[in-house]
Each structure stands twice: as structure tokens, then as C-alpha cells.
Amino acid sequence: MAGCDFSVREYTYLDTPNDFDLNTFKLAEIEDFQLKIPMMKNIKQNFNQDIKFFASPWTAPNWMKSNNASSGRGVLLGKAGDRYHKTWANYFVRYLEEFSNNGVDFWAVTMQNEPANGLVTKAKWQETGWTPWAQRDWLKLDLYPALQNSSVSSVRNTEIIILDDQRVETPWWPKIVLSDGNQDLEKVTGIGLHWYLDDYFPLKSLDLTHSLFPNKFMLGTEACNKLNGKPATSTLGSWEHGENYSSDILDDLNHFVGGWIDWNMALNLDGKPNWAVNSDDSPIIVDANKN
């Protein structure tokens, strides 16, 4: 949803300060209308499979955040139920509706990409911090009602994925978000997991999470190998990164995780574009100069 570090710029769809009514909300002309939407429609039309798209936000607009910036440590201003949180929920709905109006429906949304990052790090890419308690309350008071109030049926049926962060945060994060008995929490159908600390935390946390919430799917929602300043071409012909992928995929699939998603399908020779100078590897390396 809007920009991430692998965008070519920082942006959101509501950069006008204090626009609580979303009067200036607008999809990106290049990123959305020229790139994402045509590509997604092409995929739907040319693959004889049930392709599911999910969206994930990185940052709320700067004026809605405690640090007034897209990156760094910062949370949404106020608390669940107030105008900031309702506007952020309506932002989700508007995004889903705009894509639907342009021929692309989403299966699900994650509530926040790596919510812990905005609390405990000073990462240079976009982020918005959430605690599981704040995420639970925002879901109940703002996000779920906003989705249900949409006039677009596909938006009302959008599934919700919580966490979207590291395995080390299971099962305690899902327990906090899902364990207060509120019926709205049935709208949460999945738990998103990233792989970046998997080598340091046991697989039994996945088994325990599944035993606590057997009716919620777990999904690997992001993974990539780090280049650590080296060019992407330095890994060509090496099996190491592929072995990292296959090992994590097999671990996940053998411990109740229903699927595994790569971060970037294709990047250039330097592991970019990336405005935050945070280059990663990808399965496909593209030499744009040679087409």
C-alpha cells in the first residue's frame, strides 16, 4: 500500500496534512496506474489459477504519526477510536475500493508490515509502530467496522492478516490480538510471518501457535537474502541463497505454515531500485541495459 524501501521514492496516498476526510486521497499515477494495476490484471487474465493478492502498509502519512516522518521510530497519533485511527482505517478501505474500481480485487490485507520495527528500531525505511494491544483495539474499533461499511462487496469480504513480522513474536502476539473473545476477531483469518530471525528461534513456536489457533492460517509473507553491500552479481551461480530459501520453506511447510512468499521477484544488478540504499538479492536478476 503506497511506498516501501524498494520504491523509487517515499510517498503515501494522503500526504496533505489534516485531510481527515480523505479529500485528496489519490493512487500513484506511475506506480499504481502504469505499473501495479496493469501487471496484476495481466496476471489474473493469463494464469489459469486462483491468484490471490494481499496488500500491506508500511507507513501512515507523516502528519498522522508521532514522529511526523515516514521512517524511524513512530506510531499513529492518538488511540483507537479517535479520528487519526478512523482515518487510517478509511485509508485502507479507500485503497481497496480504488483498486476494485480499476479491476483488481484483494483477497486480504495485513494490518502493518513489521509493526515492531516502528517501536524498537530506527530503520531508514518506512514503518509505523504498533503494539499487539493497540493493533487489537484498532481492529475492533476502526478497521473491521470500516471494512464492513464499504459499499463494495469485495472490500467487505477482505480477509485480515495480523503480525506480518518475525517468528520470535509468536505465539504471544497472536494471543494478545485474538484472545479477548470479541466476535470481530473472527474477521482475522491469518497470521503473517517473516523469516529474518528464523535461524535464532525454534520451530516449536509455530506448532504452539497452530495448537492455540488451529482455525487461523499461518503464511510466510516476506523473505529475502541480504547482499550486505555486495552487488547482486556476486551471488550468480551460487546455490547458498537458494539453499537458505529451500531450508526455510521446508521448515515452514512442515510446521503448519500454509505458504511462503518472496520479497522481490526481480531486482537489478545492484539489488535495487531501493531509495533507502538497502539492497537485497532476488531470484531473478535483471540487466536493464541489455534488456
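Figure 1. Phe256 has a relative accessible area of 44%, so it counts as partly exposed. You'll find Phe256 in the loop between α8 and β6. Its phi is positive, at about 75°, even though Phe256 is not a glycine. That's worth a second look, because most residues other than glycine have a negative phi. Keep in mind for this view and those that follow that the model is predicted.

**Figure 2. Leu163, another non-glycine residue with a positive phi.** Here phi is near 70°. Leu163 lies in strand β3, and at 0% relative accessibility it counts as buried.

**Figure 3. Gln166 and its contacts.** Gln166 also has its place in strand β3. With 7% relative accessibility, Gln166 counts as buried. Which residues is Gln166 in contact with, leaving aside its neighbours within four places in sequence? They are Glu114, His194, Trp195, Tyr196 and Leu197.

**Figure 4. The six-stranded open sheet.** Follow the strands across and you get the order β1-β2-β3-β4-β5-β6, with parallel pairing. At the edges sit β1 (54–55) and β6, each of which pairs on one side only. Inside the sheet, six bridges join β3 (residues 159–166) to β4, and these two run parallel. Helix α4 (residues 132–148) lies across β3 and β4, running at about 145° to β3.

**Figure 5. β5, α8 and β6 as a unit.** Together, β5, α8 and β6 make a right-handed β-α-β unit. The strands β5 and β6 run parallel and are joined by two bridges. Met218 has Val257 as its bridge partner in β6.

**Figure 6. Helix α7 and what covers it.** Which residues of α7 (residues 204–212) are buried? They are Ser205, Leu206 and Thr209. Seen down the axis of α7, these buried residues fall within an arc of 100°, so they line one face of the helix. The cover over them includes α6 (172–178), β4 (188–194), β5 (217–222), α8 (240–253) and β6 (257–260).

**Figure 7. Asn244 in helix α8.** Asn244 is partly exposed, with a relative accessible area of 31%. Leaving aside its neighbours within four places in sequence, Asn244 is in contact with Trp195 and Asn225. For a sense of distance, Asn244 and Asp280 are 36 residues apart in sequence and 14 Å apart in space, going from C-alpha to C-alpha.

**Figure 8. Two cis peptide bonds.** One joins Thr170 and Pro171, with omega about 0°, and Pro171 has its place in the loop between β3 and α6. The other runs from Lys272 to Pro273, with omega near 15°. Pro273 has its place in the loop between β7 (266–268) and β8 (284–286).

**Figure 9. Stepping back to the whole chain.** The C-alpha trace spans about 50 × 45 × 40 Å along its principal axes. Buried residues make up 50% of the 291 residues. Among contacts between residues at least 6 apart in sequence, 73% join residues at least 24 apart.

Methods: Residues are numbered from 1 along each chain as its sequence is written. This is a predicted model: local features need pLDDT of at least 70, side-chain atom pairs count only at pLDDT 80 or more; totals for chains, interfaces and linings use all residues. Side-chain values use heavy atoms; hydrogens and water are left out. Buried means under 20% relative accessible area, exposed over 50%, partly exposed in between (1.4 Å probe, protein chains only). Helices (H or I, at least four residues) and strands (E, at least two) are DSSP runs, numbered from the N terminus. The arc is that of the directions from the helix axis to the C-beta atoms. Contact means heavy atoms within 4.5 Å. Two strands pair if DSSP finds at least two bridges between them. A crossover is right-handed if, with the strands pointing away from the viewer, the path from the first strand over the helix to the second runs clockwise. Axes are lines fitted to C-alpha atoms, for helices over the stretch in contact, and angles run from 0 to 180 degrees between N-to-C directions.
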